[in-house]
Amino acid sequence: MSIPSSGSNEISIHDMQWLGVTLSEDAASRITQLAGEKQHFHLTVKSSGCTGFAYVVTLIEQPSEGDIKYESHNVVFYVALQAMPMVDGTEIDFVRQGLNSNFVYNNPKVKNLCGCGESFGV
C-alpha cells in the first residue's frame with residue numbers, strides 16, 4: 001500500500017515511523033500464559049462489521065516478512081505491517097469482569113465503534 005504524495009515520489013508504509021503498540025502488565029502476563037515459550041502473540045486487522053475493521057489475534061511460531069517486532073514488559077510480540085495505519089499507538093490491555101475476560105484495545109485512532117463491540121472505524 002502506497003500513499004501518493006504531492007510530488008512525484010510515493011510514500012510507502014514500509015518507510016513510516018510508527019509510535020508502536022504496547023502491552024499493559026495484565027496483557028503481558030496473559031500473553032505469556034497463552035503463548036508459552038514456542039509461540040508469539042500476533043495482531044492484525046481485517047475488514048469487518050458495520051464500522052470497518054476488527055482486531056485479529058493469533059498465536060504464531062514464526063513471524064511473516066511483513067510483521068513488525070515489538071517488546072513490552074519483556075514479552076516479544078508481532079504486529080502485521082498492513083495493520084499499523086489502523087493500530088499505531090494502541091495499548092493492549094487484558095481485563096477481567098466477573099466470569100468474562102478479554103483483550104481490550106486502547107486505540108487512539110478509533111473514531112467510531114460498532115454497537116456490539118465487534119468492529120471499529122478509523
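In this protein chain, 51% of the contacts with a separation of 6 or more are between residues 24 or more positions apart. A contact here means heavy atoms within 4.5 Å. Before going on: this is a predicted model, where local features need pLDDT of at least 70 and side-chain atom pairs count only at pLDDT 80 or more, while totals for chains, interfaces and linings use all residues. Residues are numbered from 1 along each chain as its sequence is written, and side-chain values use heavy atoms, with hydrogens and water left out.

Now the overall layout. The chain has 2 helices and 11 strands. Along the sequence, the pattern reads β-β-β-α-β-β-β-β-α-β-β-β-β. Of the 122 residues, 36% are buried. Buried means under 20% relative accessible area, exposed means over 50%, and partly exposed is in between, using a 1.4 Å probe and protein chains only. The accessible surface comes to about 7,800 Å², and carbon and sulfur atoms hold 46% of that. Those areas come from the Shrake-Rupley method with a 1.4 Å probe, and for residues only the protein chains shown count as cover.

Next, the aromatic rings. How many aromatic pairs does a search of the whole structure find? The search gives 5. One of them is phenylalanine 41 with phenylalanine 77, an edge-to-face pair at 6.4 Å centre to centre, with 75° between the planes. The pair ties together parts that are 36 residues apart in sequence, because phenylalanine 41 lies in strand E4 (residues 40-48) and phenylalanine 77 in strand E7. As for the terms, rings of Phe, Tyr and Trp (its six-membered ring) pair if their centres lie within 6.5 Å; planes under 30 degrees apart are stacked, over 60 edge-to-face, and the rest tilted. Phenylalanine 41 has 1% relative accessibility, so it counts as buried. Phenylalanine 77 is at 0% and counts as buried too. Ring pairs also link Phe41, Tyr70, Phe77, Phe94 and Phe103 into a cluster.

Then there is aspartate 93, in strand E8 (residues 91-97). What aspartate 93 does have is a polar contact of 2.6 Å, side chain to side chain, with serine 24. A polar contact is a pair of N or O atoms within 3.5 Å; within protein, one must be able to donate a hydrogen and the other to accept it, and residues adjacent in sequence count only if both atoms are side-chain atoms. Leaving out residues up to four places away in sequence, aspartate 93 touches several residues, among them Ala27, Asn102 and Phe103.

Threonine 90 sits in the loop between helix H2 (84-87) and E8. Its relative accessibility is 1%, so threonine 90 is buried. The side chain of threonine 90 reaches the backbone oxygen of valine 87 at 2.6 Å. Beyond four places in sequence, the residues touched by threonine 90 include Gly20, Tyr105 and Pro108.

Now the loop between strand E6 (67-72) and strand E7 (75-80), where histidine 73 is found. Histidine 73 is not a glycine, yet its phi is positive, near 50°. With 42% relative accessibility, histidine 73 counts as partly exposed. Asparagine 74 lies in the loop between E6 and E7, and its phi is about 65°, again positive in a residue that is not a glycine. Asparagine 74 is at 71% relative accessibility and therefore counts as exposed.

Last, two distances. Leucine 81, in the loop between E7 and H2, is buried at 9% relative accessibility. Leucine 81 and leucine 43 are 38 residues apart along the chain, and their C-alpha atoms are separated by 9.7 Å. Threonine 32, in helix H1 (residues 25-35), is partly exposed at 45%. From threonine 32 to valine 76, C-alpha to C-alpha, is 9.4 Å in space and 44 residues in sequence.

Terms used
Helices (H or I, at least four residues) and strands (E, at least two) are DSSP runs, numbered from the N terminus.
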